[in-house]
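Please find below a note on the model under review.

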Amino acid sequence: MTEPAALTVLTTTDSEEKARALARDAVDARLAACAQISGPVTSVYRWEGAVETGEEWQVLFKTTAHRYDELEAHLLAAHDYETPEIIATPVVRGSRRYLAWVAAETAPTAAL
């Protein structure tokens, strides 16, 4: 099976400001063509033996499979969670023009 060309990558953070920074930095670095922020959302999760509830903002990045490793590394370095959620979902179908735009916007720039 061939690897999908495009991915959506989801992460969460505990403030709108942090979500905006994660989104802007990834797009600025061409690791994502676009990032959408949703929130607040309520998250219920188990952490260190206790069930916790918290308010979070979701950031959904549009990128290519080719750029995933760099985007993941970027998010891990920039994120303040000990274990941030970073989940990639393959895009199995999409508009050719949109997917071409994602590929063009995430293409590494040549060194000057």
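The points below proceed from the overall fold to the pocket.

1. Basis of the note. This is a predicted model, in which local features need pLDDT of at least 70 and side-chain atom pairs count only at pLDDT 80 or more, while totals for chains, interfaces and linings use all residues. Residues are numbered from 1 along each chain as its sequence is written, and side-chain values use heavy atoms, with hydrogens and water left out.

2. Overall fold. The protein has 3 helices and 4 strands (DSSP runs numbered from the N terminus: helices are H or I of at least four residues, strands E of at least two). Along the sequence they follow the pattern β-α-β-β-α-β-α. The C-alpha trace spans about 45 × 35 × 20 Å along its principal axes.

3. The 4 strands form an open sheet in the order 2-3-1-4, with antiparallel pairing (two strands pair if DSSP finds at least two bridges between them). Strand 2 and strand 4 (87-90) are the edge strands, each pairing on one side only. From one strand to the next, the twist averages 30°. Strand 1 (residues 6-13) runs antiparallel to strand 3 and is joined to it by 8 bridges; Thr12 stands opposite Gln58 in strand 3.

4. Helices. Helix 1 (residues 16-28) lies across strand 1, strand 2 and strand 3, at about 25° to strand 3 (axes are lines fitted to C-alpha atoms, for helices over the stretch in contact, and angles run from 0 to 180 degrees between N-to-C directions). Helix 1 packs with helix 2 (residues 68-78) at an angle of about 145°, their axes being 11 Å apart. In this packing, Leu22, Asp25 and Ala26 in helix 1 meet Leu71, His74, Leu75 and Ala78 in helix 2 (contact means heavy atoms within 4.5 Å).

5. What is the volume of the largest pocket? The value is about 330 Å³ (a pocket is an open set of points on a 1 Å grid over the protein atoms alone, where a 1.4 Å probe fits, with protein on both sides within 12 Å along at least five of seven lines; grid points are joined across faces, edges and corners, and the volume is the space filled by probe spheres set on the points). The pocket is lined by 14 residues, with Tyr45, Trp47, Glu56, Tyr81 and Thr83 nearest its centre (lining residues have an atom within 4 Å of a point). Strand 2 (34-47) and strand 3 (50-64) are the elements that give two or more residues to this lining; strand 2 gives the most, with 4 residues.
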